[in-house]
Amino acid sequence: MKFSINPNDDIEKVLIEKDAIREKVRELGVRISEDYRGKELTLVSILKGSIVFLADLMRNISMPCKVDFISVSSYRGGIETSGVVRMIMDLRESPVGKDILIIEDIVDTGYTLDYILRNFMTRDLASLKVCVLLDKFEARRKEVRVDYKGFDVPNKFLVGYGLDYRERYRNLPYVGILKPEIYRGEK
Ligand code: PRP
């Protein structure tokens, strides 16, 4: 595994250009603003991958909303999920009685979202919905409900716009397919 000095050189193909992301995030913000009109929304961002999406999405929501974070992990930086999801950090504020919208960058196998939904369903919320930018539906192993979705994506290893490989590439402004030679040999 050898990373390039310029991270763009490790990208096989740009899958979703930054302008397409910007337009889709704007559309999602408009829909969410309409659906939650008159309510007080709390966005719950799943660290770390969703931070870029959250930052753009919340600026397209035209009503007061709160933000909170949880941290879970199952990939441990690599390419294959362990299937065992761990809660590393819980919410700062109690979600009881609140309208919660989970913000995720990608749903892949579904293990992470399944864990989070099961956890949140026990917490006596006013409502619970899910907003995902990328849906890698071919990789799904757990059926999960997605209420707002940006793009369907192929079953390739994706990085950029928050998504990482070994903590790199999150800062790329587009979603790209990582060159297989970067992670070849890893299980
Ligand atoms: C990534 C991503 C999702 C999850 C989706 O998180 O941000 O949370 O994997 O995969 P799944 O549907 O197969 O569970 P990761 O655990 O890599 O942590 P990160 O967000 O900090 O990169």
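Biologist: In E3, which residue is the bridge partner of Leu41?

Modeller: The bridge partner of Leu41 in E3 is Cys65. This is a predicted model, and every value below is computed from it.

Biologist: How many bridges join E2 to E5, and do they run parallel or antiparallel?

Modeller: E2 and E5 run parallel, with five bridges between them. One place to look is Thr42, which stands opposite Ile100 in E5.

Biologist: In what order do the six strands of that open sheet stand?

Modeller: Read across the sheet, the order is E4-E3-E2-E5-E6-E7, and the pairing is mixed. E4 and strand E7 (148-152) are at the edges; each has a single partner strand, so one side of each is left without a neighbour in the sheet. From one strand to the next, the twist averages 30°.

Biologist: How many residues of E2 are buried?

Modeller: To count as buried, a residue needs a relative accessible area under 20%. Six of the seven residues of E2 are buried, and the strand is mostly covered.

Biologist: Which helices lie across E2?

Modeller: H1 lies across E2, E5, E6 and E7, and runs at about 160° to E7. H3 lies across E2, E3, E4, E5 and E6, and runs at about 170° to E5.

Biologist: Which residues of H3 are buried?

Modeller: Start with the general idea. An α-helix has 3.6 residues a turn, so residues three or four places apart point the same way. In this structure, helix H3 covers residues 111-121, and its buried residues are Tyr111, Thr112, Leu113, Asp114, Ile116, Leu117 and Phe120.

Biologist: Against which strands do the buried residues of H3 pack?

Modeller: They pack against strand E2 (41-47), strand E3 (65-73), strand E5 (99-107) and strand E6 (127-135).

Biologist: What does Thr112 touch?

Modeller: Thr112 is found in helix H3. Its relative accessible area is 18%, so Thr112 is buried. Leaving out residues up to four places away in sequence, Thr112 touches Val72, Ser74, Val85 and Glu104.

Biologist: Now a loop. Is Lys98 buried or exposed?

Modeller: Lys98 sits in the loop between strand E4 (86-89) and E5. With a relative accessible area of 16%, Lys98 is buried. Not counting residues up to four places away in sequence, Lys98 touches Thr42, Lys66, Glu93, Leu125, Ala126 and Ser127. Thr42 is the residue that stands opposite Ile100 in E5.

Biologist: Is Arg37 buried or exposed?

Modeller: Arg37 is in the loop between H1 and E2. The cut-off for exposed is over 50% relative accessible area. Arg37 has 65% relative accessibility, so Arg37 counts as exposed. Distance in sequence and distance in space are read separately. Arg37 and Met63 are 26 residues apart in sequence, and their C-alpha atoms are 7.4 Å apart in space.

Biologist: How many residues apart in sequence are Lys2 and Tyr183?

Modeller: Lys2 and Tyr183 are 181 residues apart in sequence and 8.8 Å apart in space, C-alpha to C-alpha. Lys2 lies in the segment before E1. With a relative accessible area of 71%, Lys2 is exposed.

Biologist: What is the order of the open sheet of three strands?

Modeller: The order is E1-E9-E8, with antiparallel pairing. Strand E1 (11-16) and strand E8 (158-159) stand at the edges with a single partner strand each, so one side of each has no neighbour in the sheet. Two bridges join E8 to strand E9 (residues 175-178). Val159 stands opposite Gly176 in E9.

Biologist: Last, the second largest pocket. Which residues line it?

Modeller: The lining of the second largest pocket is made of Lys18, Ile21, Arg22, Val25, Val52, Asp56, Asn60, Tyr161, Arg170, Asn171, Leu172 and Pro173. The space in this pocket is about 180 Å³. By type, the lining residues divide into six nonpolar, two polar and four charged.

Biologist: Which helix gives the most to the lining of the second largest pocket?

Modeller: H1 gives the most, with four residues. Helix H1 (18-35) and helix H2 (51-58) each supply at least two residues of the lining.

Key
Residues are numbered from 1 along each chain as its sequence is written. This is a predicted model: local features need pLDDT of at least 70, side-chain atom pairs count only at pLDDT 80 or more; totals for chains, interfaces and linings use all residues. Side-chain values use heavy atoms; hydrogens and water are left out. Two strands pair if DSSP finds at least two bridges between them. Buried means under 20% relative accessible area, exposed over 50%, partly exposed in between (1.4 Å probe, protein chains only). Contact means heavy atoms within 4.5 Å. On a 1 Å grid over the protein atoms alone, a cavity is a set of points where a 1.4 Å probe fits but cannot get out, and a pocket is an open set with protein on both sides within 12 Å along at least five of seven lines; lining residues have an atom within 4 Å of a point. Grid points are joined across faces, edges and corners, and a volume is the space filled by probe spheres set on the points. Ala, Val, Leu, Ile, Met, Phe, Trp, Tyr, Cys and Pro count as nonpolar, Asp, Glu, Lys and Arg as charged, and the others, Gly among them, as polar. Axes are lines fitted to C-alpha atoms, for helices over the stretch in contact, and angles run from 0 to 180 degrees between N-to-C directions.
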